[in-house]
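Visitor: I would like to learn how to read strands and sheets. Please take me through them here.

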Amino acid sequence: MTGTVVLDPLIPLIGLYILAGLAAIGAGLAVYRRLSGWWLRALAGIALLAALANPSLQQESREPLSDIVILVVDETASQKVGNRPDQNTAAIANVEAEIARLDNTELRIVTLGDGEGDAGTELMTALSTALAEEPQGRVAGIILLTDGRLHDIERAPGLPAPIHTLLTGEPDDWDRRLVVTNAPAFAILGEQITLSLEINDQGAAPEARFAPLTIAIDGGEPMQFEVPVGEKIDLPLELPHGGMNVIQFETPAVDGELTDRNNAAVVQINGVRDRLRVLLVSGEPHAGERTWRNLLKADSSVDLVHFTILRPPEKQDGVPVNELSLIAFPTRELFLEKINDFDLIIFDRYRRRGILPNPYLENIVNYVADGGAVLVSSGPEYGGAESIFRSPLGAILPGEPSARVFEEGYTPLVTDLGDRHPVTEGLAAFAPNPDPDSDLPGWGRWFRLVDVLVPDTANVLMSGLDDRPLLALERIGEGRVALLASDQSWLWDRGFEGGGPQLELLRRLAHWMMKEPQLEEEALTADAAGQTLRIIRRSLSEDVGDVTVTHPDGTQTVLQLEEVSPGRYETLWNAPEIGLYRLNEGEREAVMALGPAAPRELEQTIASGAALQPLVDSTRGGIRNVSDGDIDIRTVRPGRPAAGRGWIGVTPRGAYQTADISITPLLPAWAFLLLASLLVVGAWLREGRR
């Protein structure tokens with residue numbers, strides 16, 4: 001119970017101030033007139049003013065509140081290496097026992113785990129949240145149980161009490177870390193890029209001058225190197241393919257280091273082509289020639305070399321060569337010297353006329369086997385004696401002509417296999433005149449088809465008259481070939497009977513032949529959104545197996561895929577952590593990196609209180625190593641040092657809760673009135689007697 005004197009005026013304060021002023025004027029006037037009882041008059045005025053002010057005794061009934069000590073326990077990934085989990089458990093038990101010995105003190109334990117993404121240890125954020133939930137006037141101390149590796153020190157809150165750090169880890173801890181310091185997001189195929197990386201030893205590491213390093217691209221066969229420790233290494237690299245290239249760097253774990261989670265690094269580089277070089281050879285001028293040229297010239301990334309044979313060797317009209325304005329076909333330069341500079345060669349209605357000798361055509365066969373691509377757009381000449389098939393190219397073309405050429409109308413159709421192939425899947429969506437009540441796709445007819453026999457190794461994606469093959473694709477060695485058994489795709493471009501998706505079809509076909517990753521018919525890929533993986537399997541088969549996902553820690557998860565469209569199988573999966581995941585389905589493999597292979601939390605694993613030292617010093621707290629043994633917790637006065645050898649301190653706050661308040665006047669009103677009357681009478685008697 002405590003009491004204080006308060007004023008409870010009977011009139012508004014402004015009135016009390018006015019009366020006080022009048023009383024002061026009256027007393028002053030009495031002094032001026034030299035009245036002997038002026039001081040009695042002044043006391044009478046004060047008594048009346050005191051009566052109006054109504055002084056009272058306010059008494060409070062208080063209930064004491066306990067002090068609060070906040071313990072923030074860091075349980076992030078870096079606190080799970082070595083013997084730190086055991087140190088955490090022992091330190092918590094020590095703090096709980098010490099707080100239990102203190103009178104009227106409670107312990108609040110706040111646990112900090114790994115957050116989403118790669119934010120690292122947000123220790124100050126957790127502390128701010130804990131302080132916001134407790135009355136500031138009751139917080140007597142703050143203890144952080146951590147390795148000191150935090151990533152939000154700039155968010156440190158205002159501290160109402162001393163803060164201390166109990167530092168986990170051992171004095172002889174050491175760790176090896178691999179870091180990629182420089183890596184581009186994009187790279188041009190065929191051009192060399194430079195990656196920079198370092199292998200660093202932290203803490204009490206044994207002396208080592210060199211360390212093994214393995215490099216693997218897309219989970220392939222790793223390459224082995226020996227690199228110096230503690231030095232920056234510039235690594236020249238050329239990407240093997242277009243699209244996303246996942247490059248993994250790893251150094252093996254060494255006995256005694258804290259963790260091997262930071263011994264690997266993953267870089268994802270998107271390989272793009274600088275220029276796609278295409279050679280287009282038109283055997284003769286025809287209506288569809290301009291379509292091919294417009295298609296290839298419309299793509300700014302394509303360098304097109306186009307030759308049209310206007311004057312074949314058998315055309316001898318007597319005009320001297322030096323008077324012709326035609327450009328001679330540079331066959332030797334194109335098909336012997338520079339053939340490997342082209343990504344795609346297109347023969348458009350080409351026939352054998354002796355322009356390309358057999359050795360040149362054999363060189364094209366070798367070009368395809370080594371990874372090149374040839375597309376043949378055939379007209380009536382393909383079924384005749386001058387057919388390009390009746391040359392060394394016949395060994396790689398996916399269609400043997402039967403010498404029959406049909407000249408009647410038909411609607412090109414996508415085959416069942418074509419519905420599953422990325423070159424022709426979904427073409428019906430590009431139809432200009434779709435009819436939902438018809439089985440036809442809704443595009444115009446063609447009027448010529450070369451009858452061909454397609455081998456079992458080729459894929460027929462489109463059919464023409466009486467289901468005869470119209471578009472066939474085949475892989476030859478490392479290269480690809482395609483045959484379009486008609487030269488009338490230009491009818492779609494001209495809008496005949498509504499036209500059709502000619503540009504989309506030819507664009508996809510050309511890009512498939514140039515090995516664009518998005519058009520691979522057999523592929524296993526994954527897209528990431530946060531920690532959610534969308535696993536995609538493209539296949540021409542109607543039955544695909546389960547996908548085995550290997551986690552960063554080596555554990556595995558088997559996932560079933562569902563067919564979402566013909567030839568496309570998908571599933572969504574929430575990955576439990578960031579890191580490098582390996583996907584496997586049959587012979588198909590892929591790798592996917594969620595965040596860095598080594599999380600930010602494990603970049604620095606050696607315990608250190610350097611980052612927290614300024615904050616601790618600002619409250620005169622202390623940093624103590626858990627490895628030194630148990631600590632004592634004492635009470636200290638505010639402003640005094642709160643840490644010493646083997647102990648840390650908390651400051652009792654003396655907080656209380658007011659249970660009841662009572663107000664009692666010091667004197668009744670009649671007592672003040674009686675006192676004022678006596679003083680006035682005394683002043684009158686004194687002045688009258690004089």
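Guide: Start with the terms. Helices (H or I, at least four residues) and strands (E, at least two) are DSSP runs, numbered from the N terminus. Two strands pair if DSSP finds at least two bridges between them. This is a predicted model: local features need pLDDT of at least 70, side-chain atom pairs count only at pLDDT 80 or more, and totals for chains, interfaces and linings use all residues. Residues are numbered from 1 along each chain as its sequence is written, and side-chain values use heavy atoms, with hydrogens and water left out.

Visitor: In which sense do strand 15 and strand 16 pair?

Guide: Strands of a sheet pair through backbone hydrogen bonds, either parallel or antiparallel. Strand 15 (residues 276–282) pairs with strand 16 in the parallel sense, over seven bridges. Val 281 stands opposite Phe 307 in strand 16.

Visitor: What is the strand order in the open sheet of four strands?

Guide: The order is 28-27-31-32, with antiparallel pairing. Strand 28 (556–559) and strand 32 (588–594) each have a single partner strand, so one side of each lacks a neighbour in the sheet. The twist averages 20° from one strand to the next.

Key. Axes fitted to C-alpha atoms, helices over the stretch in contact; angles between N-to-C directions.
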